[in-house]
Amino acid sequence: MHVLSYHQKVVFEDLFEMSDGYVLNFSDRTFTEFFRDFGINIDDPKYKTNGKGKAKRLRIFLEKEDRLLIIKVLKELIRISEDLKFPQNKIVKAKDVLSELNANSSKKPIDSTETLTDKFSTFSLEHLQKIDLSLDYQRLLIDRIMEFERCMNSECYLSAMILCGSILEALLLETASKNFTIYNQTKASPKDKDDKPLRIAFWTLNNLIQTAVEVGSLKADIHKFSEHLRDFRNYVHPRAQIAASFNPDEHTCKIAMAVLNASIADLAGER
(Lines give C-alpha, C1' and ligand atoms only; values in the text may rest on other atoms or scores of the structure.)
Protein backbone atom coordinates (compact mmCIF):
# COMPACT_ATOMS: atom_id res chain seq x y z
CA MET A 1 0.00 0.00 0.00
CA HIS A 2 1.43 3.39 -1.00
CA VAL A 3 -0.04 5.94 1.39
CA LEU A 4 2.71 8.53 0.91
CA SER A 5 3.95 9.95 -2.38
CA TYR A 6 7.68 10.40 -2.95
CA HIS A 7 7.40 14.13 -2.25
CA GLN A 8 5.59 13.49 1.03
CA LYS A 9 8.21 10.97 2.12
CA VAL A 10 10.99 13.46 1.45
CA VAL A 11 9.29 16.10 3.62
CA PHE A 12 9.10 13.74 6.61
CA GLU A 13 12.60 12.33 6.06
CA ASP A 14 13.99 15.84 6.04
CA LEU A 15 12.20 16.84 9.26
CA PHE A 16 13.02 13.63 11.12
CA GLU A 17 16.70 13.81 9.99
CA MET A 18 16.69 10.27 8.60
CA SER A 19 19.49 10.66 6.04
CA ASP A 20 22.12 9.14 8.37
CA GLY A 21 19.92 6.25 9.44
CA TYR A 22 18.56 7.83 12.61
CA VAL A 23 15.10 9.17 13.50
CA LEU A 24 14.97 12.36 15.60
CA ASN A 25 16.78 11.72 18.90
CA PHE A 26 15.53 8.17 19.45
CA SER A 27 17.77 5.47 20.83
CA ASP A 28 16.97 1.86 19.93
CA ARG A 29 15.19 1.46 23.25
CA THR A 30 13.08 4.63 23.07
CA PHE A 31 12.26 3.92 19.41
CA THR A 32 10.82 0.54 20.43
CA GLU A 33 8.91 2.12 23.31
CA PHE A 34 7.50 4.87 21.07
CA PHE A 35 5.93 2.36 18.68
CA ARG A 36 4.73 0.15 21.53
CA ASP A 37 2.33 2.95 22.48
CA PHE A 38 0.63 2.40 19.10
CA GLY A 39 0.48 -1.37 19.52
CA ILE A 40 3.34 -1.84 17.05
CA ASN A 41 6.38 -4.06 17.53
CA ILE A 42 8.84 -2.12 15.39
CA ASP A 43 11.46 -4.82 16.10
CA ASP A 44 9.39 -7.38 14.21
CA PRO A 45 11.40 -8.90 11.30
CA LYS A 46 8.80 -7.63 8.80
CA TYR A 47 10.07 -4.09 9.45
CA LYS A 48 13.71 -5.14 9.01
CA THR A 49 13.55 -6.31 5.39
CA ASN A 50 15.87 -3.45 4.34
CA GLY A 51 18.01 -3.44 7.50
CA LYS A 52 17.86 -2.93 11.25
CA GLY A 53 18.44 0.84 11.37
CA LYS A 54 15.72 3.04 12.81
CA ALA A 55 15.25 5.02 9.60
CA LYS A 56 15.05 1.82 7.54
CA ARG A 57 12.42 0.33 9.85
CA LEU A 58 10.38 3.52 9.80
CA ARG A 59 10.44 3.55 5.98
CA ILE A 60 9.09 -0.01 5.86
CA PHE A 61 6.42 0.91 8.42
CA LEU A 62 5.32 3.82 6.22
CA GLU A 63 5.22 1.50 3.19
CA LYS A 64 3.26 -1.36 4.76
CA GLU A 65 0.79 0.02 7.29
CA ASP A 66 -2.63 1.56 6.76
CA ARG A 67 -3.30 5.26 6.37
CA LEU A 68 -4.91 5.94 9.79
CA LEU A 69 -2.10 4.29 11.74
CA ILE A 70 0.54 6.12 9.71
CA ILE A 71 -1.21 9.43 10.35
CA LYS A 72 -1.26 8.80 14.13
CA VAL A 73 2.44 7.95 14.20
CA LEU A 74 3.47 10.90 12.00
CA LYS A 75 1.39 13.31 14.08
CA GLU A 76 3.23 12.27 17.23
CA LEU A 77 6.64 12.41 15.52
CA ILE A 78 5.89 15.95 14.38
CA ARG A 79 4.92 16.89 17.95
CA ILE A 80 8.26 15.53 19.19
CA SER A 81 10.03 17.57 16.49
CA GLU A 82 8.31 20.68 17.85
CA ASP A 83 9.41 19.85 21.39
CA LEU A 84 12.99 19.47 20.13
CA LYS A 85 12.79 22.94 18.49
CA PHE A 86 13.45 21.64 15.00
CA PRO A 87 13.30 24.20 12.12
CA GLN A 88 9.84 25.73 11.95
CA ASN A 89 9.71 25.77 8.14
CA LYS A 90 10.22 22.00 8.04
CA ILE A 91 7.57 21.45 10.70
CA VAL A 92 5.08 23.58 8.74
CA LYS A 93 5.72 21.53 5.58
CA ALA A 94 5.22 18.29 7.49
CA LYS A 95 1.96 19.55 9.01
CA ASP A 96 0.72 20.53 5.56
CA VAL A 97 1.41 17.01 4.27
CA LEU A 98 -0.31 15.55 7.34
CA SER A 99 -3.36 17.68 6.59
CA GLU A 100 -3.41 16.27 3.05
CA LEU A 101 -3.32 12.75 4.45
CA ASN A 102 -6.10 13.54 6.92
CA ALA A 103 -8.24 14.97 4.12
CA ASN A 104 -7.94 11.69 2.24
CA SER A 105 -8.24 9.41 5.26
CA SER A 106 -11.92 8.71 4.66
CA LYS A 107 -11.35 7.79 1.01
CA LYS A 108 -10.56 4.41 -0.43
CA PRO A 109 -6.76 3.79 -0.39
CA ILE A 110 -5.29 4.82 -3.74
CA ASP A 111 -4.05 2.04 -5.95
CA SER A 112 -0.57 2.64 -7.38
CA THR A 113 -2.00 2.87 -10.91
CA GLU A 114 -4.70 5.44 -10.16
CA THR A 115 -2.79 8.72 -10.13
CA LEU A 116 0.24 10.18 -11.80
CA THR A 117 1.80 10.93 -8.41
CA ASP A 118 1.75 7.26 -7.42
CA LYS A 119 2.81 6.04 -10.84
CA PHE A 120 5.89 8.24 -10.89
CA SER A 121 6.81 8.24 -7.20
CA THR A 122 9.13 5.27 -7.45
CA PHE A 123 12.55 6.85 -7.15
CA SER A 124 14.48 5.11 -4.38
CA LEU A 125 15.57 7.66 -1.83
CA GLU A 126 17.49 4.95 0.00
CA HIS A 127 19.53 4.14 -3.12
CA LEU A 128 20.29 7.82 -3.69
CA GLN A 129 21.55 8.14 -0.12
CA LYS A 130 24.02 5.29 -0.67
CA ILE A 131 25.84 7.21 -3.42
CA ASP A 132 28.86 9.20 -2.25
CA LEU A 133 27.31 12.68 -2.39
CA SER A 134 27.57 15.71 -0.15
CA LEU A 135 24.42 16.51 1.81
CA ASP A 136 23.88 19.74 -0.18
CA TYR A 137 24.28 17.87 -3.47
CA GLN A 138 21.91 15.16 -2.33
CA ARG A 139 19.27 17.71 -1.32
CA LEU A 140 19.62 19.48 -4.67
CA LEU A 141 19.02 16.22 -6.55
CA ILE A 142 16.02 15.42 -4.36
CA ASP A 143 14.63 18.87 -5.20
CA ARG A 144 15.03 18.09 -8.91
CA ILE A 145 13.34 14.72 -8.54
CA MET A 146 10.45 16.43 -6.77
CA GLU A 147 10.29 18.94 -9.62
CA PHE A 148 10.18 16.00 -12.06
CA GLU A 149 7.09 14.77 -10.18
CA ARG A 150 5.45 18.16 -10.43
CA CYS A 151 6.13 18.22 -14.18
CA MET A 152 4.57 14.78 -14.57
CA ASN A 153 1.48 15.76 -12.63
CA SER A 154 1.14 18.86 -14.80
CA GLU A 155 1.74 16.88 -18.01
CA CYS A 156 4.86 18.95 -18.78
CA TYR A 157 6.57 15.97 -20.35
CA LEU A 158 9.39 17.74 -22.20
CA SER A 159 10.47 19.47 -18.99
CA ALA A 160 10.33 16.13 -17.18
CA MET A 161 12.55 14.51 -19.80
CA ILE A 162 15.12 17.29 -19.62
CA LEU A 163 15.15 17.03 -15.82
CA CYS A 164 15.84 13.29 -16.01
CA GLY A 165 18.88 13.91 -18.20
CA SER A 166 20.01 16.70 -15.89
CA ILE A 167 19.81 14.47 -12.81
CA LEU A 168 21.73 11.67 -14.55
CA GLU A 169 24.47 14.09 -15.65
CA ALA A 170 24.76 15.54 -12.14
CA LEU A 171 25.09 12.09 -10.58
CA LEU A 172 27.69 10.91 -13.08
CA LEU A 173 29.68 14.15 -12.89
CA GLU A 174 29.86 14.02 -9.09
CA THR A 175 30.84 10.34 -9.15
CA ALA A 176 33.54 10.94 -11.76
CA SER A 177 34.85 13.99 -9.88
CA LYS A 178 35.27 11.99 -6.67
CA ASN A 179 37.06 9.19 -8.55
CA PHE A 180 38.78 11.25 -11.22
CA THR A 181 42.08 9.33 -11.23
CA ILE A 182 40.28 6.09 -12.07
CA TYR A 183 37.90 7.65 -14.60
CA ASN A 184 40.68 9.58 -16.30
CA GLN A 185 42.62 6.38 -16.98
CA THR A 186 39.84 4.84 -19.06
CA LYS A 187 39.99 4.59 -22.84
CA ALA A 188 36.81 6.65 -23.07
CA SER A 189 38.16 9.60 -21.07
CA PRO A 190 38.22 12.71 -23.31
CA LYS A 191 41.47 14.33 -24.45
CA ASP A 192 42.27 17.73 -25.93
CA LYS A 193 43.95 18.31 -29.31
CA ASP A 194 47.35 17.62 -27.72
CA ASP A 195 46.09 14.29 -26.34
CA LYS A 196 46.11 15.63 -22.80
CA PRO A 197 43.25 14.83 -20.37
CA LEU A 198 40.40 17.31 -20.38
CA ARG A 199 39.42 18.88 -17.08
CA ILE A 200 36.31 17.22 -15.66
CA ALA A 201 34.37 20.47 -16.05
CA PHE A 202 34.56 20.04 -19.84
CA TRP A 203 33.34 16.44 -19.96
CA THR A 204 30.06 15.90 -21.81
CA LEU A 205 27.27 13.63 -20.66
CA ASN A 206 28.40 11.15 -23.32
CA ASN A 207 31.92 11.18 -21.85
CA LEU A 208 30.50 10.56 -18.39
CA ILE A 209 28.32 7.66 -19.55
CA GLN A 210 31.10 5.97 -21.52
CA THR A 211 33.67 6.21 -18.72
CA ALA A 212 31.13 5.13 -16.08
CA VAL A 213 30.40 1.98 -18.08
CA GLU A 214 34.11 1.29 -18.55
CA VAL A 215 34.89 1.50 -14.81
CA GLY A 216 31.78 -0.51 -13.97
CA SER A 217 29.76 2.21 -12.25
CA LEU A 218 27.00 1.69 -14.84
CA LYS A 219 26.13 -1.77 -16.08
CA ALA A 220 26.19 -2.58 -19.78
CA ASP A 221 22.43 -3.09 -19.93
CA ILE A 222 21.93 0.55 -18.95
CA HIS A 223 24.49 1.82 -21.44
CA LYS A 224 22.31 2.16 -24.54
CA PHE A 225 19.26 3.31 -22.59
CA SER A 226 21.24 6.09 -20.88
CA GLU A 227 22.51 7.23 -24.27
CA HIS A 228 18.90 7.72 -25.35
CA LEU A 229 18.25 9.68 -22.17
CA ARG A 230 21.24 11.83 -23.09
CA ASP A 231 19.66 12.48 -26.48
CA PHE A 232 16.36 13.40 -24.84
CA ARG A 233 18.16 15.90 -22.59
CA ASN A 234 19.60 17.58 -25.67
CA TYR A 235 16.10 18.50 -26.83
CA VAL A 236 16.36 21.46 -24.49
CA HIS A 237 17.58 23.06 -27.73
CA PRO A 238 14.50 23.88 -29.89
CA ARG A 239 16.31 23.23 -33.19
CA ALA A 240 17.26 19.72 -32.05
CA GLN A 241 13.69 18.98 -31.02
CA ILE A 242 12.28 20.25 -34.35
CA ALA A 243 14.84 18.29 -36.36
CA ALA A 244 13.94 15.07 -34.54
CA SER A 245 10.18 15.74 -34.48
CA PHE A 246 10.37 14.81 -30.81
CA ASN A 247 7.24 15.22 -28.68
CA PRO A 248 7.51 13.19 -25.46
CA ASP A 249 4.43 11.89 -23.72
CA GLU A 250 3.66 10.09 -20.48
CA HIS A 251 5.03 6.78 -21.75
CA THR A 252 8.32 8.31 -22.92
CA CYS A 253 8.80 9.81 -19.47
CA LYS A 254 8.10 6.48 -17.77
CA ILE A 255 10.93 4.95 -19.80
CA ALA A 256 13.27 7.82 -18.91
CA MET A 257 12.39 7.48 -15.23
CA ALA A 258 13.09 3.74 -15.31
CA VAL A 259 16.50 4.37 -16.89
CA LEU A 260 17.36 7.00 -14.28
CA ASN A 261 16.18 4.73 -11.47
CA ALA A 262 18.34 1.85 -12.71
CA SER A 263 21.32 4.22 -13.04
CA ILE A 264 20.84 5.38 -9.44
CA ALA A 265 20.74 1.73 -8.31
CA ASP A 266 23.94 1.02 -10.29
CA LEU A 267 25.80 3.96 -8.76
CA ALA A 268 24.61 2.88 -5.30
CA GLY A 269 25.91 -0.64 -5.92
CA GLU A 270 22.43 -2.12 -5.56
CA ARG A 271 22.20 -4.02 -8.86
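In which loop is Glu17 found? In this predicted model, Glu17 is found in the loop between α1 and α2 (28–36). The backbone of Glu17 has a positive phi of about 55 degrees, although the residue is not a glycine.

In which loop is Glu17 found? In this predicted model, Glu17 is found in the loop between α1 and α2 (28–36).

The protein chain holds 14 helices and 0 strands, so that the elements, read from the N terminus on, run α-α-α-α-α-α-α-α-α-α-α-α-α-α. Taken along the principal axes, the C-alpha atoms of the protein chain fill a box of roughly 70 × 40 × 35 Å. Of the 271 residues in the protein chain, 46% are buried. Where contacts between residues at least 6 apart in sequence are considered, 67% of them join residues at least 24 apart.

The packing of two helices was examined further. Two packed helices are described by the angle between their axes and the distance between the axes. For helix α1 (residues 6–15) and helix α8 (residues 135–153), the axes come within 10 Å and cross at roughly 150 degrees. Because this angle is over 145 degrees, α1 is roughly antiparallel to α8. The crossing in which α1 passes α8 is left-handed. On the side of α1, the contact is made by Tyr6, His7, Val10 and Asp14, and on the side of α8 by Arg139, Ile142, Ile145, Met146 and Glu149. Sorted by class, the contact of α1 with α8 comprises 5 nonpolar, 1 polar and 3 charged residues.

Individual residues in two other helices were also considered. Glu174 is found in helix α9 (residues 157–178), and with a relative accessibility of 16%, which is under 20%, Glu174 counts as buried. When residues up to four places away in sequence are not counted, Glu174 touches Asp132, Leu133 and Tyr137. His228, by contrast, lies in helix α12 (residues 220–233) and counts as partly exposed, at a relative accessibility of 47%. His228 and Ala256 are 28 residues apart in sequence, while their C-alpha atoms are 8.6 Å apart in space.

The cysteines were then searched for disulfides. A disulfide is a covalent bond between the sulfur atoms of two cysteines. A search of the whole structure finds 0 disulfides. Cys151 is in no disulfide, and the nearest cysteine sulfur, that of Cys156, is 5.5 Å away, whereas a pair of cysteine sulfur atoms would have to lie within 2.5 Å to count as a disulfide. Cys151 is buried, with a relative accessible area of 10%. Cys164 is in no disulfide either, the nearest cysteine sulfur being that of Cys253, 7.0 Å away. With a relative accessible area of 0%, Cys164 is buried.

Definitions and conventions: Residues numbered from 1 in each chain as written. Predicted model: local features only at pLDDT ≥ 70, side-chain atom pairs only at ≥ 80, totals over all residues. Heavy atoms only, no water. Helix = DSSP H or I, 4+ residues; strand = E, 2+ residues; numbered from the N terminus. Buried < 20%, exposed > 50% of the residue type's maximum accessible area, 1.4 Å probe, protein only. Contact = heavy atoms within 4.5 Å. Axes fitted to C-alpha atoms, helices over the stretch in contact; angles between N-to-C directions. Parallel < 35°, antiparallel > 145°, perpendicular 65-115°, else oblique. Left-handed = near helix turned anticlockwise from the far one by under 90°. Nonpolar A, V, L, I, M, F, W, Y, C, P; charged D, E, K, R; others polar.
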